[in-house]
Amino acid sequence: MQEQRNSFELDREINSVLATDCGSTTTKAILIEKIGDEYRLVVRGEAPTTVEAPFEDVTMGARNAIREIEELTGRTFLSEQGVITPRQPDGLGVDIYMSTSSAGGGLQMMVAGVVKTMTAESAARAALGAGAIVMDVISVDDGRKPHEKIQRIRQLRPDMILLSGGIDGGTITHVAEIGELIAAAEPKPRLGIGYQLPIIYAGNKMARKHISDILGDKTDLRIVDNLRPVLEVEVLGPAREEIHNLFMEHVMAQAPGYNKLMQWTPVPIMPTPGAVGACMQTAAKEYDMSVIGVDIGGATTDVFSVFGEYFNRTVSANLGMSYSICNVLLEAGVDNIMRWIPFSIEEGALRNRIRNKMIRPTTIPQTLDELIIEQAIAREALRLAFEHHKSLAVGLRGVHRQRTIGDTFEQTGSDETYIDMAELGMLIGSGGCLSHAPRRAQAAMMLLDAFQPESTSMLAVVSIFMMPQLGILASIHPKASMQVFDRDCLVKLGTAIALAGPNGKAEFGAPCAEVTLEYDGKTIEESVPFGSVKLVPIPEDKTASAVIRPARQFDAGRGYGHEVKTTVNGGVVGVIIDCRGRPVVLPEDVKARNEKLVEWFLAMNMYPEESLKKYVEA
Amino acid sequence: MAHAYTPGLKVTERAVITKTRRLPILGEVLVEKGQAVSPDTIVARTNIPGNPQTVNVANILGVDPDDIADFMKKAEGDFVKKGELLAEYKSFFGLIRHHVESPTDGTIEMISTVTGQITLREPPIPIEIDAYIEGVVEEVLPKEGVIIKTEGAFIQGIFGVGGEAQGVIRVAVEGPNDILDACDVKPDDKDKILVGGSLVTADAIKKAAEVGARGIVAGGIIDTELIDYLGFDIGVAITGHEDIPVTVIITEGFGRMRMADRTFGLLKKLSGYKASINGATQIRAGVMRPEIIVPGYQSDGADEGLDLTKGLVPGTPIRIIREPYFGMLAEIVELPPELEVIESEARVRILRARLEDGTIVTVPRANVEIIES
């Protein structure tokens, strides 16, 4: 796994940290301090981002957010020059200041490679992992004619292009062909009308001279190590590092006020999603488990996964809860949204409501019906974003594997996703609809329904979105970052025990799992039938030993019908025993489905009981 | 984050409006500071490099890429006409002959001995930017464009489709609650901008397109009818580039929605005036709403637009913009400072408002917008 490390090295003890994230609409500042032996979040502040007219200076928003912290703490952190560092003997300032940024549209990239499912896919992974939005992926075999590709390159005005292709010593012709297409298109950068577009070449090293001849004069060409030097190996580090360098040199340097902001901190500014990825990777390492994280916003949904040595990030650019909410409707379809709503609503009315949310994105659900509709849409947005993620989080394609006779029967290929839901240790949700759901059980069920984890995994949400700041802090001080993440950021909802299956046909009500939970000298026995969900309220700070005895058609992680002994953790929701099947089985008949949904919602104590009962009576 | 409400859209009889008209790449500005311009005045011009075309000469001739220079009849930098001979391969005393003709007029930009292909650049494509509104050049942005300034009436819609257009405003319905249907569109509505009330139907849009109207402004539209008109569904709220004959601007939202009296009243006053409209909408950081601009309109009153500086105070007229009171007009009666739990169980900042029928209701502050006073 390639961790994102900053070039900055700590040379002194750090007791106080001020970090900002300059988002596209809001700049958020947090103050972290060492209290006793622990690093803790002290206070946070926020202010509107000031990248756009009439202010056009990002530091104004950063100052305003920090000023809010000054007011709340009664201390001084700012001087005329910026943030006062290190902390002075009289208490002024902090030991270190750092910032992330996604203002001004974040980092927008185009990637290109020779083969769509090989070098182009590796390039996309490199760009996404560095925190970019990938606007398009161009390859020799993408099905478009040369002039169509050229047109596309001309239309897009990315911040930079990552070009790859060919293993070292392999084909030169095809990568040169892509280089020629880019040269012919004469792409212009999004920012800076008179500047040359930065292009990172990370392909066959034998083609470097040709690429320099083709693109050297027309673009700001940077050459780094091949990201697929041999077919079996993917080396994304050098490309990602160069993306970060160019992000600082080109994108940040052109965004209003960033030159000033860069003077405030010795730590290079990181793109916000790249910093969130760093936070997830540090968390996976710290907790020693596989982690999936999701951040659902108004316009986009980011999914991060860390499984063993693999880290991946995807951005579903058009799946979100306000600006892109109609795209969720378009991609998921009305029926998939309606299946999570336990009352009848006319399709036209639902469509108009969703459109009205798009054009007035700051409104919030007032009624329970509206909340349930919004959470139904969130489930589908999360599900689609995760599908997208799984399609990119795959093993290296084009690699020949030695197969045993057993593999032949399994019919798996090298392009299967390495995301194994039975191996998942923790599923972390963030974004308004998850973090601010009126009851935490609603967030737990949205995560369960959208991601459908199997066996046992901890569900969590972040209470305050400070993963960007913790991610950049993790690059220089992982311990401080993780202490704050665990104690002040993460809300542990509880372990979900989810049974895979049924293997074959099973009726609702058939035996599915018997679970024995023991903690604090108490023993809890639960027998949960297929089609049901059960909530066992075990508090957040408690760990229980669990024995899960699945029925023969169900799998708790060790095979169908095999008993599993493990430990589970309580949470603000509790331990959830999910016997609804994988994939979750919903009745086709609308009335039966509504009744089932109400049954689950009641079991999870998700919404007021009287209101739910009214849905069934209606 | 002091204000938790959605600011109302601008609906004003008198506004100073500036529009930046910028080229996509550097070029030439054709007007001077202080010069009066009309919507169709060309203010800046440039040439975008022509479309490139690639021709794989090596493949067509059946030779190795690094040999193609030997067979080229033209060199880099040469201008060629469509059909002109680019390369030729002969063998066996001319009995076997392969040749490559130019697929287009253009200049040979590159001959690649790596890929065996050549790149032909078509002649430059001229791009011109017009002024869009009647006004005066306020500022020249050297080589990039201009800023045009005008004074007049200015109305923002909530959502639109279609790009910039100009036309004469005609209010085609009696009142703000009326539906604009096909029968309201007249044969002489060519080049008009038609104003409806609470809804515009798909038939009305079709008829407007048939007679050559330039735009439609209405309170609401049915989601599926908009999709029918466009021929595709809208996923993300970025519009303005649709290839449609009539720009459509919605002032209130989706579904049948009575147009705000203030908006309808102003549009009635503007009847017969020439307007510049744009349906382009972008709902994200740097929000862009559709607009109706009537340069030169002389307001007869002292209207300065809505005063949003006071924010929400008791007495402020509002519109509720989310269920269960979606679209209803009300007046604020109380603004409790404490957070309150609403039906969805969220703890939020709320207000109490009196609906038109006198009922007092509780609404999250995020779900209202200020309307006319």
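How much space lies in the second largest pocket?

**View 1. The second largest pocket of this predicted model holds about 510 Å³ of space.** A pocket is an open set of points on a 1 Å grid over the protein atoms alone, with protein on both sides within 12 Å along at least five of seven lines, and its volume is the space filled by 1.4 Å probe spheres set on the points. Of the 27 residues in its lining, which have an atom within 4 Å of a point, A:Met289, A:Leu424, A:Gly425, A:Thr456 and A:Ser457 are the closest to the centre of the pocket. Local features need pLDDT of at least 70 and side-chain atom pairs 80 or more, whereas totals for linings use all residues. Residues are numbered from 1 along each chain, and chains are lettered from A.

**View 2. Strands of chain A contribute to the lining of the second largest pocket.** Two or more lining residues come from each of strand E16 (424–430), strand E17 (455–462), strand E18 (490–498) and strand E23 (564–569) of chain A, where a strand is a DSSP run (E) of at least two residues. E23(A) gives the most, with 5 residues. By residue type, the lining of the second largest pocket divides into 9 nonpolar, 12 polar (a class that includes Gly) and 6 charged residues.

**View 3. An open sheet in chain A is built from 5 strands in the order E3-E2-E1-E6-E12, with mixed pairing.** Strand E3 (38–48) and strand E12 (270–271) of chain A are the edge strands, each pairing on one side only; pairing requires at least two DSSP bridges. Strand E2 (residues 26–35) of chain A runs antiparallel to E3(A), and the two are joined over 10 bridges, with A:Ala29 standing opposite A:Gly45 of E3(A).

Methods: Side-chain values use heavy atoms; hydrogens and water are left out. Helices (H or I, at least four residues) and strands (E, at least two) are DSSP runs, numbered from the N terminus.
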